[in-house]
Amino acid sequence: MTIPAESKLYLDLCQKIAKARSAFRIGHQDDIRISDEEIQKRIDENKPLLNIQKLKIEGKFLDEFFRDFLPLMEKHKVFSREEVRNFLANKEKINLSELVRSVLSKDLQSLKSLSSQYQIGIDSLLFVGLNLSQAVLELYADKLKQKVDQENWLKGNCPVCGSYPAIEKLRRDDGKRILRCNFCGTEWHHKRIMCPFCGNEDHNSLRYFFIDEDSSTEKSAFRVDVCNKCKRYIKTLDERKLPESEKPDLYLENLNTIYLDVLAQKDGYKSPTYWMVTLSEDLFV
Ligand SMILES: [Zn+2]
Ligand SMILES: [Zn+2]
């Protein structure tokens with residue numbers, strides 16, 4: 001499937017930002033503020049390790065990442081020049097912690113008021129807010145994921161931050177189903193026949209589809225699993241169908257397979273993640 005030039009620009013920008021986030025995390029490993037007692041309490045309660053509504057978010061930490069981020073946004077011209085200019089002009093005034101908090105708590109009203117206050121489109125604001133939130137959550141996930149009890153966390157949401165996956169893989173070595181959190185990047189096991197979003201195990205209402213029009217090996221490694229009970233979908237990469245030498249990165253594969261999101265949504269299935277390539281209000285539901 002041909003990807004339009006603007007999508008290529010968008011993918012390129014996302015990849016560069018992902019690299020910037022990785023580099024940024026290396027220098028901030030010690031900035032995590034969470035006690036062992038807090039973590040143990042969450043484990044005992046069988047809850048995701050982070051309570052993202054109550055996360056401590058350092059404004060200084062965000063400012064630093066934001067400084068690396070804006071030039072990339074400016075250079076890639078995915079967003080209008082005027083919006084990027086408004087971001088640059090207001091960068092000292094925009095409260096980044098507040099922006100991240102609005103994104104993490106899916107507070108569309110606050111995002112809208114920030115958007116009109118600074119004359120920045122809500123899509124651009126959400127794009128920046130999501131990436132800043134991801135930078136924070138990935139940093140926490142780096143530290144916390146080894147504390148996850150992989151064998152006993154049988155839920156469909158992320159054991160670290162509680163978000164839902166957008167993509168999963170069937171692992172090359174053993175065919176195990178591994179979900180990937182779309183927010184903090186944590187990966188965890190899940191039952192093969194069970195909807196991660198509503199827990200449905202009835203195989204009659206769980207199905208998947210491939211893209212018929214493209215029968216090349218690489219493309220057929222992807223499929224979309226759908227649940228007819230909750231009408232949600234997840235993209236699946238069957239690693240066993242890829243050549244041995246390929247080591248797919250699910251973050252990038254998720255971005256590269258936006259055509260599958262388009263098809264699933266056309267069929268009436270919803271993404272479990274409330275942000276997509278472009279924002280529409282119903283994605284917040
Ligand atoms: Zn997560
Ligand atoms: Zn379901």
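Reader: In which loop is the place of Leu-50?

Author: The model is a predicted one. Leu-50 sits in the loop that runs between α2 and α3.

Reader: Is Leu-50 buried or exposed?

Author: A residue is called buried when its relative accessible area is under 20%. Leu-50 has 3% relative accessibility and therefore counts as buried.

Reader: Which residues does Leu-50 touch, not counting residues up to four places away in sequence?

Author: Contact here means heavy atoms within 4.5 Å. With residues up to four places away in sequence left out, Leu-50 touches Ile-34, Arg-42, Leu-55, Leu-137, Tyr-140, Leu-144, Val-160 and Cys-161. As for distance, the C-alpha atoms of Leu-50 and Ala-141 are 9.0 Å apart in space, while the two residues are 91 apart in sequence.

Reader: Let us turn to aromatic rings. How many aromatic pairs does a search of the whole structure find?

Author: The search finds seven aromatic pairs. In one of them, the rings of Phe-65 and Phe-69 have centres 5.7 Å apart and planes at 70 degrees, so this pair is edge-to-face.

Reader: Where do Phe-65 and Phe-69 lie?

Author: An α-helix has 3.6 residues a turn, so residues three or four places apart point the same way. Phe-65 and Phe-69 are both in helix α3, four residues apart, which is about one turn of the helix. Phe-65 is buried, with a relative accessible area of 1%, and Phe-69 is likewise buried, with 1%.

Author: A further pair is formed by Phe-66 and Phe-87, which is edge-to-face, at 5.8 Å centre to centre and 65 degrees between the planes. Phe-66 lies in helix α3 and Phe-87 in helix α4 (residues 81-90), so this pair ties together parts that are 21 residues apart in sequence. The relative accessible area of Phe-66 is 3%, and Phe-66 is buried; Phe-87 is buried too, at 0%.

Reader: Which residues do ring pairs link into a cluster?

Author: The cluster consists of Tyr-10, Phe-24, Phe-65, Phe-69 and Phe-127.

Reader: How should I read the backbone angle phi? What is the phi of Asn-46?

Author: Most residues other than glycine have a negative phi, and most peptide bonds are trans. Asn-46 has a positive phi of about 55 degrees although it is not a glycine. Asn-46 is in the loop between α2 (36-44) and α3 (59-76), and it is partly exposed, with a relative accessible area of 40%.

Author: Lys-106 is another case, with a positive phi near 50 degrees in a residue other than glycine. Its place is in the loop between α5 (96-104) and α6 (108-118). Lys-106 is partly exposed, at 44% relative accessible area.

Reader: Which residue with a positive phi follows α10?

Author: Gly-268 follows α10, and its phi is positive, near 95 degrees. Within helix α10 (residues 258-266), the buried residues are Tyr-259, Leu-260, Asp-261 and Ala-264.

Reader: Finally, what is the secondary structure of the chain, and why does its radius of gyration agree with that of a compact globule?

Author: The chain has ten helices and six strands. A compact globule of 285 residues would have a radius of gyration near 19 Å, and the chain has 19 Å, so the two agree. The C-alpha trace spans about 55 × 50 × 35 Å along its principal axes. Of the 285 residues, 51% count as buried. Among contacts between residues at least 6 apart in sequence, 66% join residues at least 24 apart.

Reader: What of the surface and the charges?

Author: The accessible surface comes to about 14600 Å², and 48% of it belongs to carbon and sulfur atoms. The chain carries 46 positive and 45 negative charges, whose mean positions are 1 Å apart.

Terms used: Residues are numbered from 1 along each chain as its sequence is written. Chains are lettered from A and ligands numbered from 1 in the order in which they are written. This is a predicted model: local features need pLDDT of at least 70, side-chain atom pairs count only at pLDDT 80 or more; totals for chains, interfaces and linings use all residues. Side-chain values use heavy atoms; hydrogens and water are left out. Helices (H or I, at least four residues) and strands (E, at least two) are DSSP runs, numbered from the N terminus. The radius of gyration is taken over C-alpha atoms; the globule rule is 2.2 Å times the number of residues to the power 0.38. Buried means under 20% relative accessible area, exposed over 50%, partly exposed in between (1.4 Å probe, protein chains only). Accessible areas come from the Shrake-Rupley method with a 1.4 Å probe; for residues, only the protein chains shown count as cover. Lys and Arg count as positive and Asp and Glu as negative; His and the chain ends are not counted. The place of a charge is taken as NZ of Lys, CZ of Arg, CG of Asp or CD of Glu. Rings of Phe, Tyr and Trp (its six-membered ring) pair if their centres lie within 6.5 Å; planes under 30 degrees apart count as stacked, over 60 as edge-to-face and the rest as tilted.
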